[in-house]
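This briefing sets out selected features of the model shown below. It is arranged by topic for direct comparison with the coordinates.

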Amino acid sequence: MFGLQPVDYALTPEMQEVLRMAPEAPHPVTTTLSPTTSLSKAAGCVRETGPLVVIGSQLTQTQQKQLTKAAQLLGGKQVQSFSRAVTHVVVPDAPIMPSSLTTLQGVLNGCWILTFSWVSCSLQAGSWVGESEYEAGDGPLRARVNRGSLLPPLFDGCCFYMLGSFCKPPKHELIQLVKEGGGQLLNRQPKPDSDVTQTLSAAAYHAQPGSDQVLCTQYILYDPQSSYKPQKVRVGKVWSAPSTWFVDCIAAFQLLPVPAH
């Protein structure tokens with residue numbers, strides 16, 4: 001939270017030496033919009049050993065049947081509801097990854113988010129094929145690298161207050177995503193002019209270095225499609241942000257810049 005490393009807390013010269021000799025962890029890929037070429041060389045491109053647990057999201061009935069067939073023939077378990085045991089989320093073949101609750105949960109938990117072509121090609125090959133070329137965007141890869149590097153979750157250090165009503169996604173889904181992303185929920189709307197609020201020492205781990213968001217730790221989320229238009233806030237540690245920004249952050253697994261308008 002204060003930008004210190006383990007070596008800064010070492011009490012003895014021996015422990016300091018041990019920590020200085022340790023290999024450096026990879027720099028968080030979530031802090032920059034890394035190109036696919038550099039991401040593909042990072043950790044997280046190889047499937048972890050263990051049972052394959054797959055779930056479909058927004059698939060057609062025919063595609064769901066194909067997914068069931070693949071799990072039965074090729075080995076693996078298909079589930080109907082998301083849990084932390086899920087390793088693969090299969091989505092339709094589309095240019096943009098769907099922002100369904102299951103898909104966003106998969107990203108936050110570092111799952112493979114794959115297009116349906118992965119299932120089709122696996123059935124043709126008679127075994128599960130490599131996932132990398134079927135990845136639905138860079139966000140899921142960033143999330144897996146983050147998890148593999150044992151770094152904090154996406155919304156670590158961030159607090160959220162839900163202002164007004166929400167339609168899409170609904171409020172209960174937003175709350176669920178905040179919790180799964182390591183964020184905290186506020187029961188009271190934060191006051192930008194409060195000295196107590198502005199002097200909090202928390203910091204958002206995944207904020208873009210050098211940006212104003214490094215200072216911001218409390219977000220007031222609102223539904224931009226709602227008839228209620230709240231006053232925009234961007235003062236120190238308290239910012240207002242549309243719920244669409246929150247969803248986009250999860251899809252990209254980055255704290256994206258908050259829209260100015």
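**Strand pairing and overall features**

Strands S3 and S4 (the latter comprising residues 112–115) are paired in the parallel sense over four bridges. Between them, the chain passes from S3 through helix H5 (residues 101–108) to S4, a β-α-β crossover that is right-handed. The model is a predicted one.

**Strand S3 and its partners**

- Strand S3 also pairs with strand S1 (residues 53–56), in the parallel sense and over three bridges.
- His-88 takes part in pairing with each of these strands: Val-54 has His-88 as its bridge partner in S3, and the bridge partner of His-88 in S4 is Trp-112.
- In a regular strand, side chains alternate between the two faces of the sheet.
- Strand S3 covers residues 88–91, with His-88 and Val-90 pointing one way and Val-89 and Val-91 pointing the other way.
- All four of these residues, His-88, Val-89, Val-90 and Val-91, are buried.

**Chain-level values**

- The chain contains ten helices and nine strands.
- It has 261 residues, of which 45% count as buried.
- Among contacts with a separation of 6 or more, 68% are accounted for by residues 24 or more positions apart.

**Ser-240**

- Ser-240 is located in strand S9, which spans residues 238–242.
- The relative accessibility of Ser-240 is 8%; because the cut-off for buried is under 20%, Ser-240 counts as buried.
- When neighbours within four places in sequence are left aside, Ser-240 is in contact with Ile-220, Tyr-222, Gln-231, Lys-232, Val-233 and Val-258.
- Two of these contact partners, Ile-220 and Tyr-222, fall within the range 218–222 given for strand S7.

**Gln-225**

- Gln-225 lies in the loop that runs between strand S7 (218–222) and strand S8 (234–235).
- Gln-225 has a relative accessible area of 68%; because exposed means over 50%, this residue counts as exposed.
- Gln-225 and Thr-244 are 19 residues apart along the chain, and their C-alpha atoms are separated by 9.5 Å.

**Two sites side by side**

- Ser-240 belongs to a strand, S9, whereas Gln-225 belongs to a loop.
- Ser-240 is buried, whereas Gln-225 is exposed.

Conventions: Residues are numbered from 1 along each chain as its sequence is written. This is a predicted model: local features need pLDDT of at least 70, side-chain atom pairs count only at pLDDT 80 or more; totals for chains, interfaces and linings use all residues. Side-chain values use heavy atoms; hydrogens and water are left out. Helices (H or I, at least four residues) and strands (E, at least two) are DSSP runs, numbered from the N terminus. Buried means under 20% relative accessible area, exposed over 50%, partly exposed in between (1.4 Å probe, protein chains only). Contact means heavy atoms within 4.5 Å. Two strands pair if DSSP finds at least two bridges between them. A crossover is right-handed if, with the strands pointing away from the viewer, the path from the first strand over the helix to the second runs clockwise.
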